Amino acid sequence: MLRLTVLVSGGGTNLQAILDAMEAGQIPGATVAAVISNNAGAYALERARKHGIAAECVAPKDFESRKDFHRALLARLQFYQTDLVVLAGYLVAVPPEIVAAYPNRILNIHPSLIPAFCGTGYYGLRVHEEALKRGVKVTGATVHFVDTGTDTGPIFLQKAVEVRPEDTPKSLQKRVMEEAEWKLLPAAIALLAAGRVQVRNGKVLLDDGIEQ
Ligand code: GRF
């Protein structure tokens, strides 16, 4: 059983999509061991508790230094015997020590088609504002593995979403979530749990499940 710890900062609709897919039997072989937020008020923690999942806050402000915070977070991931870390709207940078402890075992969801509109400063509504400003006709979402850069790790799954002439950053954000993010993240976890994913030379290879 692949044990997931999901890191969150906000509402947790991506977490909800994972939990719903699990309850619908779409992710056999994986379970959410814990949900950890950097923000005690995150609604995502409520969602976890409603499903009987361990939910806790590990906040940078509760530690004397960033190093202590990173050490504490890693200790909690280890405590839950985490096999896969899922960043589902987690707004804190993951430090190199944690990346090193989970090589190609940390997933992130980003609300654009990487390499467009990603990197430092591109999070939340800002991503969609920039996409609209640039006038792209298609945007989408990307699930990627996390390396030590910002949104630079191996690309795992992507899904395109059409931009409509009447879109506002908010309407686009909503459609990207509904049409792409909430589908991609559970799908990526299901592929990993099924052992159908390899990372070679920085590229993700998917086994199509057909016996050779
Ligand atoms: C999503 O748009 C995700 O791509 C981004 O933050 C948002 C999180 O939303 N990084 P939620 O907390 O899962 O509802």
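So, the loop between β8, residues 197–200, and β9, residues 203–206: that's where Asn 201 sits. This is a predicted model, by the way. Asn 201 has a phi near 50 degrees, which is a positive value in a residue other than glycine. And is Asn 201 buried or exposed? Exposed, with a relative accessible area of 77%.

Now hold that next to Asp 151. Here phi is near 60 degrees, again positive and again in a residue that isn't glycine. Asp 151 is in a loop too, the one between β6 (138–145) and β7 (155–162). But Asp 151 has a relative accessible area of 12%, so we call it buried, the cut-off being under 20%.

One more loop while we're at it. Between β5, residues 106–110, and α5, residues 125–134, you'll find Pro 115. The peptide bond joining Ile 114 to Pro 115 is cis, with omega at about 20 degrees.

Okay, over to the strands. Have a look at β2, residues 30–37, and β3, residues 54–57: they pair in the parallel sense, over four bridges.

Glu 46 makes one with Arg 49, and their closest N and O atoms are 3.6 Å apart.

How many salt bridges does the structure hold? Nine. Another of them links Asp 62 with Lys 61, with 3.6 Å between the closest N and O atoms. Both of those residues are exposed.

Then there's Asp 167 with Arg 175, where the side chains meet at 2.8 Å, N to O. Asp 167 is buried, with a relative accessible area of 11%, and Arg 175 is buried too, at 8%. Elsewhere, salt bridges with shared partners tie Arg 126, Glu 130 and Lys 133 into one network.

Terms used:
Residues are numbered from 1 along each chain as its sequence is written. This is a predicted model: local features need pLDDT of at least 70, side-chain atom pairs count only at pLDDT 80 or more; totals for chains, interfaces and linings use all residues. Side-chain values use heavy atoms; hydrogens and water are left out. Two strands pair if DSSP finds at least two bridges between them. Helices (H or I, at least four residues) and strands (E, at least two) are DSSP runs, numbered from the N terminus. Buried means under 20% relative accessible area, exposed over 50%, partly exposed in between (1.4 Å probe, protein chains only). A salt bridge is a side-chain nitrogen of Lys or Arg within 4 Å of a carboxyl oxygen of Asp or Glu.
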